[in-house]
Structures are given as C-alpha cells and as structure tokens.
Amino acid sequence: MEQFIQIKIENSEDFKNEIIRGVVAQIKDLGFNNQKKEENPNELISRIDAAKFLNLSLVKLWELTKKNALPVIKIGGKVLYKRIDLEEFINAKLK
C-alpha cells in the first residue's frame, strides 16, 4: 500500500517543524515515552525471562534453582521466579 503526501513548502523552517511534529506524533502512537514502567517486585517471571534478567543460560539457572540458591514457584508445569528474589540474588552476589 503506497501513500503519497503532497507538501507545499513555504519556507524551510516550517517544513522542518512539520517533519518534527510528524515524527513526534508517530513515536507517541508507538507508545514510546520517557516514563519508566513501574515494576512490581512480586511479579512472576518465566525461566527464559529470569535467565535473561540474570544474563545466564537456562542450564545455569536450573543449576542454581536445584541448589536452592534461587527460590522458585511452581504453578502447574510452569517454573516461575519472583523479580524481587532475582534482584536479591544479584545484590547478595555483589557484596
């Protein structure tokens, strides 16, 4: 699908400002903004996301879980981690 826009340029400053307004509108439509998403410390995170959060492989994450270094919550067949537990694990390792 092709879209064409016809623009009459009165002066270069108006043209520049119109482009900036268009870009800003597109960014707002995509949902990008400067406000950081409020994180819930009790949020449950999947194994894959926990491994990414800790920058570990799934195998290493599982080894830490088996050694009870990381608390886990099992719901059905899913293994989940609390964000706060992952953050505490990182803070303990930094000390």
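The model is predicted, so to speak of local features takes pLDDT of at least 70, side-chain atom pairs count only at pLDDT 80 or more, and totals for chains, interfaces and linings use all residues. Numbering starts from 1 along each chain as its sequence is written, and side-chain values use heavy atoms, with hydrogens and water left out.

The protein has four helices and three strands (DSSP runs: H or I of at least four residues for helices, E of at least two for strands, numbered from the N terminus). From the N terminus on, the order is α-β-α-α-β-β-α. Of its 95 residues, 16% are buried, meaning under 20% relative accessible area with a 1.4 Å probe and protein chains only.

Helix 4 has buried residues R83, D85, L86 and F89. Their cover includes these elements:

| Element | Residues |
|---|---|
| strand 1 | 44-46 |
| helix 2 | 47-54 |
| helix 3 | 58-66 |
| strand 3 | 78-82 |

Over on the surface, F15, I19, V23 and I27 make up a nonpolar patch with about 310 Å² of accessible area together. Accessible areas are Shrake-Rupley values with a 1.4 Å probe, and for residues only the protein chains shown count as cover. I27 belongs to helix 1 (residues 12-30). Is I27 buried, partly exposed or exposed? I27 counts as partly exposed because its relative accessibility is 38%, between the 20% cut-off for buried and the 50% above which a residue is exposed.

Key:
Patches are made of residues with over 30% relative accessible area and no salt bridge: like charges are joined within 9 Å, nonpolar side chains (Val, Leu, Ile, Met, Phe, Trp, Tyr) within 5 Å. A salt bridge is a side-chain nitrogen of Lys or Arg within 4 Å of a carboxyl oxygen of Asp or Glu. Contact means heavy atoms within 4.5 Å.
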